[in-house]
Amino acid sequence: MIAGGLGGGMGDSFMHSLDTVKTRQQGAPNVPKYKSMLRAYASIFREEGFQKGLYSGFVPAMWGSLPGTTIFFGTYEFTKRNMIAYGVPDTLTHLTAGFLGDLAASCIYVPSEVLKTRLQLQGRYNNENFHSGYNYKGTWDAVRTIIRVEGWSALFFGYKATLLRDLPFSALQLAFYEKFRSTTQIVIGSRDIGNTGELLTGAAAGGLAGVITTPMDVIKTRIQTQLDNEAAAAAVAAVSATDNIPPLSNRGTKPSPVPPSFTDGPIVRLSVARKQNIHTSASTLMPAPSYSRLAPTKPLPTTAKEIARIKSDSMLQALSTIYKTEGMNGLLAGVGPRFVWTSVQSSIMLFAYQSILKFLDGSAESTVAF
């Protein structure tokens with residue numbers, strides 16, 4: 001359990017910035033500067049910085065990562081050893097142990113995922129370069145605001161989608177890892193596959209599992225970054241006030257005609273869904289046609305164009321709607337950074353897990369021998 005917690009924390013810490021890029025690509029898929037992984041990374045770093053931009057949401061990520069992976073690996077090892085002792089086939093053992101390990105840890109990491117994802121989509125406080133619809137001052141402000149405005153249940157938004165992403169991911173990741181590792185041991189003729197072997201098998205297992213589960217990751221991100229009606233209205237008002245433009249009419253109606261005298265002022269519209277629906281994301285602010293007189297004195301903040309709204313809690317319906325409206329690009333939004341992130345994170349986590357496990361086992365043996 002100690003080895004799992006330390007390994008998971010190390011992996012998540014190292015790769016958090018790529019997870020932020022992935023979240024922007026999934027939550028704001030139509031923003032041009034977030035289309036490419038490298039361009040998105042560079043844009044966030046240049047406009048928002050390292051700590052407040054690329055590493056936004058890091059604190060809640062660690063809240064979930066350290067205890068979550070501790071519980072996960074504790075459950076995984078306990079289940080695996082008992083199932084093997086009862087003669088259950090290896091592949092079924094690893095799939096089941098990974099599945100149960102993630103299920104046991106979900107009550108810890110789902111609330112942290114909600115906080116992490118919203119802060120990653122928001123970026124820095126009072127972000128002048130991108131409006132997500134959220135503007136938390138920090139982690140504790142996010143916790144207080146969510147509980148006060150949306151209630152405790154909001155911390156578990158996307159629970160089902162998160163499980164439908166993470167349960168198969170963990171099961172596949174550990175099954176692939178154990179299979180790749182045992183195959184490598186057979187090929188080289190030794191139980192010790194070395195540091196390179198450990199790193200490569202972990203990376204291959206995590207990357208493959210990450211790509212396969214990307215569509216569910218897209219759904220999870222959009223649910224957890226949804227805005228309810230009141231928050232959406234507040235977001236529109238905030239953006240309108242920031243840019244000195246008149247607010248638009250209420251949701252569901254067309255904006256009032258804009259006189260030709262309004263020039264180059266950005267008109268924004270926020271697409272709103274009911275709280276229980278799977279929302280496109282918090283960042284559905286869409287620039288409307290511009291005119292030419294009220295030219296702003298500073299660069300305008302980027303907002304996301306409107307994307308598909310899914311009015312169902314069914315995961316299959318959610319996947320179907322995104323596919324029909326956005327195609328495979330929508331279902332695989334963020335697959336590049338997700339592949340890199342899961343590969344490297346899995347490699348670091350599993351390598352650290354095996355190394356710490358060997359160290360602790362060696363220390364225990366030395367203590368007994370002494």
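Buried, as the word is used here, means a relative accessible area under 20%, while exposed means over 50% and partly exposed covers what lies in between. The structure is a predicted model, and its chain is made up of twelve helices and four strands. Of the 370 residues of the chain, 51% count as buried, and among contacts with a separation of 6 or more, 76% are accounted for by residues 24 or more positions apart.

- Helix H9, which spans residues 214-224, is largely enclosed by the rest of the structure, because eleven of its eleven residues are buried.
- The buried residues of H9 are Thr214, Pro215, Met216, Asp217, Val218, Ile219, Lys220, Thr221, Arg222, Ile223 and Gln224, a list that includes charged side chains such as Asp217, Lys220 and Arg222.
- Thr221 belongs to helix H9, and its relative accessibility of 0% is under the 20% limit, so this residue counts as buried.
- Not counting residues up to four places away in sequence, Thr221 touches Thr23, Gln26, Gly27 and Thr117; one of these, Thr23, is 198 residues from Thr221 in sequence, yet the two C-alpha atoms are 6.9 Å apart in space.
- Lys160 is placed in helix H7 and counts as partly exposed, because its relative accessibility of 47% falls between the 20% and 50% limits.

**Arg338 in helix H12**

- Arg338 is found in helix H12, and with a relative accessible area of 2%, which is under the 20% limit, it is buried.
- Leaving aside neighbours within four places in sequence, Arg338 is in contact with Lys22, Arg165, Phe169, Gly210, Thr213, Thr214 and Asp217.

**The packing of H7 against H8**

- Two packed helices are described by the angle between their axes and the distance between the axes.
- For helix H7 (residues 159-188) and helix H8 (residues 194-212), the axes come within 8 Å and cross at roughly 145 degrees, and the crossing of H7 and H8 is right-handed.
- On the H7 side the contact is made by Phe169, Leu172, Gln173, Phe176, Tyr177, Phe180, Arg181 and Thr184, and on the H8 side by Glu198, Thr201, Gly202, Ala204, Ala205, Gly206, Leu208, Ala209, Gly210 and Ile212.
- By class, the residues of the contact of H7 with H8 divide into ten nonpolar, six polar and two charged.

**The largest pocket**

- The largest pocket has a volume of about 580 Å³ and is lined by 25 residues, of which Lys80, Glu178, Arg181, Gln185 and Arg191 lie nearest its centre.
- Helix H4 (58-85), helix H5 (90-122), H7 and helix H12 (335-369) each supply at least two residues of the lining of the largest pocket, and H7 gives the most, with nine residues.
- The lining of the largest pocket has nine nonpolar, five polar and eleven charged residues.

**The cavities**

- Rolling a probe the size of a water molecule over the atoms shows where empty space is left.
- The structure holds two cavities of 30 Å³ or more, and about 520 Å³ of space lies in the largest cavity.
- Of the 26 residues that line the largest cavity, Asp12, Thr69, Asp166, Trp341 and Gln345 are the closest to its centre.
- Helix H1 (2-27), H4, H5, H7 and H12 each supply at least two residues of the lining of the largest cavity, which divides by class into seven nonpolar, ten polar and nine charged residues.

**A loop residue with positive phi**

- Asn126 lies in the loop between H5 and strand E1 (130-131), and its phi is near 55 degrees, a positive value in a residue other than glycine.
- With a relative accessible area of 46%, Asn126 is partly exposed.

Methods: Residues numbered from 1 in each chain as written. Predicted model: local features only at pLDDT ≥ 70, side-chain atom pairs only at ≥ 80, totals over all residues. Heavy atoms only, no water. Axes fitted to C-alpha atoms, helices over the stretch in contact; angles between N-to-C directions. Left-handed = near helix turned anticlockwise from the far one by under 90°. Contact = heavy atoms within 4.5 Å. 1 Å grid on protein atoms, 1.4 Å probe; cavity = no way out; pocket = protein on both sides within 12 Å on 5 of 7 lines; lining within 4 Å. Points joined across faces, edges and corners; volume = space filled by probe spheres on them. Buried < 20%, exposed > 50% of the residue type's maximum accessible area, 1.4 Å probe, protein only.
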